[in-house]
Amino acid sequence: MLIENAISSAIVRSFSAKLEKSLILDVAIVGGGPSALVAARDLAKAGLKVAIFERKLAPGGGTWGGGMLFNEVVVQDSAVSILDSFGIHHEPIKGARGYHTLDSVEMASGLIYGAVSAGAKIFNAMSVEDIVFKEGKVNGLVINWTPVERLGMHVDPLTVISSAVLDGTGHPSEIIHLATEKAHIKLSTETGGILGEKPMWVDSGEASTVENTREYFPGLFACGMSANNTAGGYRMGPIFGGMLLSGQKVAKLIRESLKKKPASGKKKK
Ligand code: 48H
């Protein structure tokens, strides 16, 4: 066999096997931002079958750019143990006790590596364009290639079935929006709808990101800025402790919820 052909065959075979194994999941995650990457790592470590579908070529979401493209971010004491568990370095800030700076590129790459090496699969350049909604429940995702979406090509998508769907799409809460607009579901918020993100208030936004992390409809969870937008929390700028803690919290909530019901389309392990 020519080496040129062997390389192409190997790539097609191993990608196809990876995608086929991910067509039925315990947890399907939309977006590969920091909150979702922590959730994916924790869920995979717990033995669950989990995959992230990320629109961009590089997962990591808003981590890379730091604050206004100065590639440093801030994390507070309460989330430092999560950074440590990924082996990501941080330095205490002189004059701001309890806060630490870290390199945003190290954070993005460290979270991605941690999630993948725990067993989570990441499909990059794939966009989630819809949900699977059957018998009053969110059952999975509808996926397509980002270039197909960007070029507006009329190409039908494929589906992924999952016991839980996690909206980790950040500020726009894309999946929660889709679910309310197309499936007309009522969310577990004050109004039953999306309350919308409020302006900047660092400490309130950090606390509410974690508080607002929950199951908003049977089978549909939100974390990070998506949760904050859904339940009307403040934004916080380039401080990421709340995102990490949100990912940790949603992984725990999903694990508890899945213990109560069988996995979609397959026998429970
Ligand atoms: C596939 C999608 C889709 C889709 C979106 O925004 P993120 O970084 O996510 P979080 O919530 O973990 O982190 C938020 C943080 O980065 C941030 O913005 C902060 C702290 N802001 C504070 C402030 O004051 O502004 O990542 C979301 C990811 C991105 O990579 C998107 O490309 C991806 O989701 N995504 N992927 N299909 N339909 N929608």
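The paragraphs below take up the ligand, the strands, the helices and then selected loop positions.

The model is a predicted one, and every value given here was computed from it. A nitrogen atom of the ligand lies 3.0 Å from a polar backbone atom of arginine 55. An oxygen atom of the ligand is 3.4 Å from a backbone N or O atom of proline 34, and an oxygen atom of the ligand is likewise found 3.4 Å from a polar backbone atom of methionine 236. On its own, the ligand has 800 Å² of accessible area, of which the protein covers 92%.

Strand 1 pairs with strand 9 (residues 158-167) through six bridges, and the two run parallel. Strand 1 is also joined to strand 2 (residues 50-54), in this case by four bridges and again in a parallel arrangement. Isoleucine 29 takes part in both pairings: it stands opposite leucine 166 in strand 9, and its bridge partner in strand 2 is isoleucine 52.

A separate description applies to an open sheet of three strands, which are arranged in the order 3-5-4 with antiparallel pairing. Strand 3 (72-76) and strand 4 (91-92) are the edge strands, each of them pairing on one side only. Strand 3 is joined to strand 5 (residues 99-103) by five bridges, and these two strands run antiparallel. Within this sheet, valine 74 stands opposite threonine 101 in strand 5.

Several helical positions may now be considered. Helix 1 spans residues 3-21 and contains isoleucine 7. Isoleucine 7 has a relative accessibility of 47% and therefore counts as partly exposed. Together with Ile3 and Ile11, Ile7 makes a nonpolar surface patch of about 310 Å².

The C-alpha atom of leucine 111 is separated by 12 Å from that of glutamine 248, although the two residues are 137 residues apart along the chain. Glycine 247 lies in helix 9 (residues 241-260) and counts as buried because its relative accessibility is 0%. Between the C-alpha atoms of glycine 247 and glycine 87 there are 17 Å, with 160 residues separating the pair along the chain.

The loops provide the remaining positions. Where is threonine 189 placed? Threonine 189 is in the loop between helix 6 (174-182) and strand 10 (198-200). With a relative accessible area of 13%, threonine 189 is buried. The side chain of threonine 189 reaches the backbone oxygen of glycine 193 at 2.6 Å.

Most residues other than glycine have a negative phi. Methionine 68, by contrast, has a positive phi near 50° and is not a glycine. Methionine 68 is found in the loop between strand 2 and strand 3, and it is exposed, its relative accessible area being 73%. Glutamate 135 also has a positive phi, of about 50°, although it is not a glycine. The loop that holds glutamate 135 lies between strand 7 (126-134) and strand 8 (137-145). Glutamate 135 has a relative accessible area of 82% and is therefore exposed.

Conventions:
Residues are numbered from 1 along each chain as its sequence is written. This is a predicted model: local features need pLDDT of at least 70, side-chain atom pairs count only at pLDDT 80 or more; totals for chains, interfaces and linings use all residues. Side-chain values use heavy atoms; hydrogens and water are left out. Patches are made of residues with over 30% relative accessible area and no salt bridge: like charges are joined within 9 Å, nonpolar side chains (Val, Leu, Ile, Met, Phe, Trp, Tyr) within 5 Å. Accessible areas come from the Shrake-Rupley method with a 1.4 Å probe; for residues, only the protein chains shown count as cover. A salt bridge is a side-chain nitrogen of Lys or Arg within 4 Å of a carboxyl oxygen of Asp or Glu. Buried means under 20% relative accessible area, exposed over 50%, partly exposed in between (1.4 Å probe, protein chains only). A polar contact is a pair of N or O atoms within 3.5 Å; within protein, one must be able to donate a hydrogen and the other to accept it, and residues adjacent in sequence count only if both atoms are side-chain atoms. Two strands pair if DSSP finds at least two bridges between them.
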